[in-house]
Amino acid sequence: MKDPTQSYKKVHYELRPAKQVERRMMIDALQVLSEGGFPIREYQYVGMGSVYFIDFILFHRLLGIDQMISSEYDTTVAKRVEFNKPFGFVDVQVAPVGDVIPTLSADKRHLLWLDYDATLSRSQLQDIALATTYLTRSSILFVTIDIEPPTDTDSPQEWKEYFLEEAPDYLDLGTPNSAFARSQLPKRNVELIEKAIRTGLLGRSDVDFIPLFNFLYKDTHQMVTIGGMIGGPAERRKIRGSALTDAFYYRPSFREEPCVITVPLLTRKERQYLDGFMPCSDSWIPEDFEMSSELVLAYREIYRFCPSYAELLL
């Protein structure tokens, strides 16, 4: 098992605009599912809060979830994590998430976010398979993974060898090296995650994994997040009958191209100007400053979810 990366020491989790957009899109999806008949407010959220607990704060305040478990792998910051938990009802468990998953109540629906900050590994694939083995019907699973090349070399062959070592049960030895080129790594990672999901479901004939979204974004490293629900025909009908299917980020299959989150670098004044024209037509560009149509369209997709940052002097 890999050691924790301690990414919280490298970047403040609140100051990752693409990640924040992703969180808000996920919340939007959960709100729509709630309107579609899934009692999201009653779900138990299980995540990896670290010392910032950003998703815990948002999910409680915007979704009303008040049953929460935070899994903390790094025992050296146990007191700091407990000190920083934002609400008294957050249950901090200092244990790998793979130890927490089998203990989750069979009487509750769960929202589990396996929010990893490292490249895909054997232990993470085991966690994913555990999740789909134990999560109750109508529970929701999110998986985030770093999809940067897994070695410091510029060698697709070595990247293939890495994945063969970490995921020997999920990869065909005959897969060509070209399938592990940098541009193909998002697809390879999603395929491996999906195979781990299917492995966990092997003993469950009454449910399947119903895909909901597939995000690709980059703040510092390129990341992918897939999300879906454990369910059967009844859950699938409710999802298809909800407004979620109209969302631009909805992905009913992981074979589709991901929703790429691009956050243009804008001044506050530029953003206020653009907001006045949103949602704009496909051909619209601003007259008062230079901005490509590609960036305008990227902003049109995410402006509802884009965070605002400001300095507050106390």
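## Strand S2 and its partner S1

Let's start inside the sheet of this predicted model. Alongside runs strand S1 (residues 44-47), parallel to S2 and joined to it by 3 bridges.

## The whole sheet

Where do these strands sit in the overall strand order? They belong to an open sheet of 8 strands with mixed pairing, in the order S3-S2-S1-S4-S5-S7-S6-S8. S3 and strand S8 (259-261) stand at the edges with a single partner strand each, so one side of each has no neighbour in the sheet. On average, neighbouring strands are turned by 15° against each other, direction ignored.

## Strand S7 and its neighbours

Strand S7 (residues 222-231) has 9 of its 10 residues buried, so the rest of the structure largely encloses this strand. It runs antiparallel to strand S5 (residues 140-146), with 7 bridges between the two; in that pairing, Phe142 stands opposite Gly227 of S7.

Strand S6 (residues 208-218) is antiparallel to S7 as well, and 10 bridges join them. Ile210 has Met229 as its bridge partner in S7, and a hairpin of 3 residues connects S6 to S7. Helix H5 (residues 122-134) lies across S4, S5, S6 and S7, and its direction is at about 170° to that of S4.

## Helices H1 and H2

Now for a helix pair. Helix H1 (residues 17-35) packs with helix H2 (residues 54-63) at an angle of about 35°, their axes being 11 Å apart. The crossing of H1 past H2 is right-handed. On the H1 side the contact is made by Gln20, Arg23, Arg24, Ile27, Leu30 and Gln31, and on the H2 side by Ile54, Asp55, Leu58, Phe59, Leu62 and Leu63. Sorted by class, that gives 7 nonpolar, 2 polar and 3 charged residues.

Which residues of H2 are buried? They are Ile54, Asp55, Phe56, Leu58, Phe59 and Leu63. These buried residues pack against H1, S1, S2, strand S3 (90-93) and strand S4 (110-119). After H2 comes Gly64, with a positive phi near 80°.

In soluble globular proteins, nonpolar side chains tend to be buried together. In this model the largest nonpolar core holds 57 residues, and the members touching the most others are Leu33, Phe59, Leu111, Ile140, Ile239, Leu244 and Tyr249. H1 supplies the largest share of this core, with 9 residues. Another core of 41 residues lies apart from it, and its members include Ile69, Leu120, Ile226 and Ile230.

What does Leu244 touch, not counting residues up to four places away in sequence? Its contacts are Ala29, Val32, Leu33, Leu212, Ile239, Tyr249 and Tyr250.

## A buried glutamate

Glu194 is located in helix H7 (residues 185-200). Is Glu194 buried or exposed? Its relative accessible area is 11%, so Glu194 counts as buried, the cut-off being under 20%. Setting aside neighbours within four places in sequence, Glu194 is in contact with Phe254 and Arg255.

Conventions. Residues are numbered from 1 along each chain as its sequence is written. This is a predicted model: local features need pLDDT of at least 70, side-chain atom pairs count only at pLDDT 80 or more; totals for chains, interfaces and linings use all residues. Side-chain values use heavy atoms; hydrogens and water are left out. Axes are lines fitted to C-alpha atoms, for helices over the stretch in contact, and angles run from 0 to 180 degrees between N-to-C directions. Helices (H or I, at least four residues) and strands (E, at least two) are DSSP runs, numbered from the N terminus. A crossing is left-handed if the near helix is turned anticlockwise from the far one by less than a right angle, and right-handed if clockwise. Contact means heavy atoms within 4.5 Å. Ala, Val, Leu, Ile, Met, Phe, Trp, Tyr, Cys and Pro count as nonpolar, Asp, Glu, Lys and Arg as charged, and the others, Gly among them, as polar. A nonpolar core is a set of buried Ala, Val, Leu, Ile, Met, Phe, Trp, Tyr and Cys residues joined through side-chain atoms within 4.5 Å. Buried means under 20% relative accessible area, exposed over 50%, partly exposed in between (1.4 Å probe, protein chains only). Two strands pair if DSSP finds at least two bridges between them.
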